[in-house]
Amino acid sequence: MATPIVLITEELSPAGIAQLESCFEIRHADGGDRAQLLAALADADAVIIRSATTIDAEALEHAPKLRVVARAGVGLDNVDLEAATRAGVMVVNAPTSNIISAAEHAVALLLASARNVPQAMASLKNGQWKRSAFTGVELQDKVAGILGLGRIGVLVAQRLQAFGMTVIAYDPYVAAARAAQLGVRLVGLDELLAESDFISVHLPRNAETVGLIGDRQLRLVKPTVRIINAARGGIVDEAALASALGDGRVAGAALDVYATEPCTDSPLFGLPNVVVTPHLGASTHEAQEKAGTQVARSVRLALAGEFVPDAVNVQGGTVDELIRPGLPLAEKLGRIFTAVAGGIAARIEVEVRGEIAGLDVSVLQLAALKGVFSDIVEDAVTYVNAPLIAADRGVEVSLATDKESPDWRNVVTLRGTLPDGQVVSVGGTLTGQRQVEKLVEVNGFDMEISPAEHMVFFTYSDRPGIVGLVGKILGDEGINIAGMQVCRNARGGQALIVLTVDSALPPAVLDDITSSIGAAYGRAVDLDGR
């Protein structure tokens, strides 16, 4: 049997290479040279890349033997996940390799901004001794506002507390009790903006967070505030920030990430109160070492046909063939659950009923948790870190099984209790020989509709005319309805509309429909992307 070939297209840590070379044939290619890359992929069983190599549909077509793409880092912007999944190619990354480095870089930027370190250095190297021009501020007794209390946000909060800072945070997906354990007070976004002396961003970039800190928000802050973003570009509106800095409404800013990268020209770069670095959050020897060894481990597992916990799309390994088709469904149910809940649950139970309940279904619980957190944390969620994320956010998780299933051959249900006592549930199944995914229950309403890229849910009081009103608003906005189900618990009681639409629903349109029909809530979820 031929020795599997692992193609390495960019620099990888020696420790990572050492884990691979005893079992595989190692080849190297320049991932930035497209022709060389495509030729080298022809014989590769696995390819290990970093940020300079693009693995898209064309690359996959040139790689008939390819079984795994491994990104020695966190971001996956240069990998076409959908094309890889269609081709049955596993994609893995190193989700925890850079969290320490990223947190430390955010603190470094904060300190550099507080004490004007780069500006003073540039002045002195230019032959000027201007001590009074670079007077800074202390961190002691100041308020640090953390936007996003995920794993990196928590690390930053802990480090800032060591400086004697009071830490507050905005994160609708973290339980107040968990924040209190960390010595952090949860507040609303506007309150954080108004109270903070330093604001550090640690949110994922998605439809909810792009432009989250814009012109309106920057008019709520103290004029002495300093804003740090070492998370994702685009969360802070760069034009609005430049205007606020120029007007004196913001004292300083420090950025490591930008809306478009690479970024070498920005109105922010010419401002004297701005510190910038070229996306260096993960650029430490330690982070690169961890990334190399983590992906090497995943490649070894994948090529051995074993379960790969850091896979972000298709799953391989020792999962029962009867359970494997349910993994994507469980993950989608998790994402729908989070959207419908509109916040973080204090407790989540994953219930599996039917024939498969007699098997080891713990992987379905992991898949569901992966979905629950995929859209609300800053980095990729995997089967390994999903339980850790739940624990970090104070979420109790349990698994229940029952071989009896009166309505469906097998059904997976997520049932969660929110901090206010409200119970949220979503359930799904696979039907027919083709194992078609179906959403069959939401908050006690029975239905049968296939999950789609863009879904919308409205709960309201049952009465005539609602369907027509929803359709008119969407039609006026040019948004096409692909599917709809209306469910109710009783005539004139509570009703639920479930829509699948051809394009993502803008927040303003969601709010318009929710208000117009007097809905108790309106929620949208986009199942494309991650």
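**Strand pairing and helix packing**

Reader: Hi! Which residue stands opposite V350 in β15?
Author: That would be L414. Keep in mind that this is a predicted model.

Reader: Thanks! And how do β13 and β15 run, parallel or antiparallel?
Author: Antiparallel, with eight bridges joining β13 to β15, which covers residues 410–417.

Reader: What about β13 and β14, parallel or antiparallel?
Author: Those two pair in the parallel sense, over seven bridges. Strand β13 spans residues 347–354, and β14 spans residues 396–402. As one example from that pairing, V352 has T401 in β14 as its bridge partner.

Reader: What actually holds strands together in a sheet?
Author: Backbone hydrogen bonds do the pairing, in either a parallel or an antiparallel arrangement.

Reader: Switching topic: what is the strand order in the open sheet of four strands?
Author: The order is β20-β21-β19-β22, and the pairing is antiparallel. At the edges sit β20 (481–488) and β22 (521–526), each of which pairs on one side only. From one strand to the next, the twist averages 15°.

Reader: How many bridges join β20 to β21?
Author: Seven, and the two strands run antiparallel. Strand β21 takes in residues 494–501, and its T500 stands opposite G483.

Reader: Which strands does helix α16 touch as it packs on the sheet?
Author: Helix α16, residues 466–476, touches β19 (454–461), β20 and β21. Its direction makes about 30° with that of β21.

Reader: And which strands does α17 touch?
Author: Helix α17 (residues 507–516) also packs on this sheet, where it touches β19 and β22. The angle between the directions of α17 and β22 is about 150°.

Key:
Residues numbered from 1 in each chain as written. Predicted model: local features only at pLDDT ≥ 70, side-chain atom pairs only at ≥ 80, totals over all residues. Heavy atoms only, no water. Pairing = 2+ DSSP bridges. Axes fitted to C-alpha atoms, helices over the stretch in contact; angles between N-to-C directions. Contact = heavy atoms within 4.5 Å.
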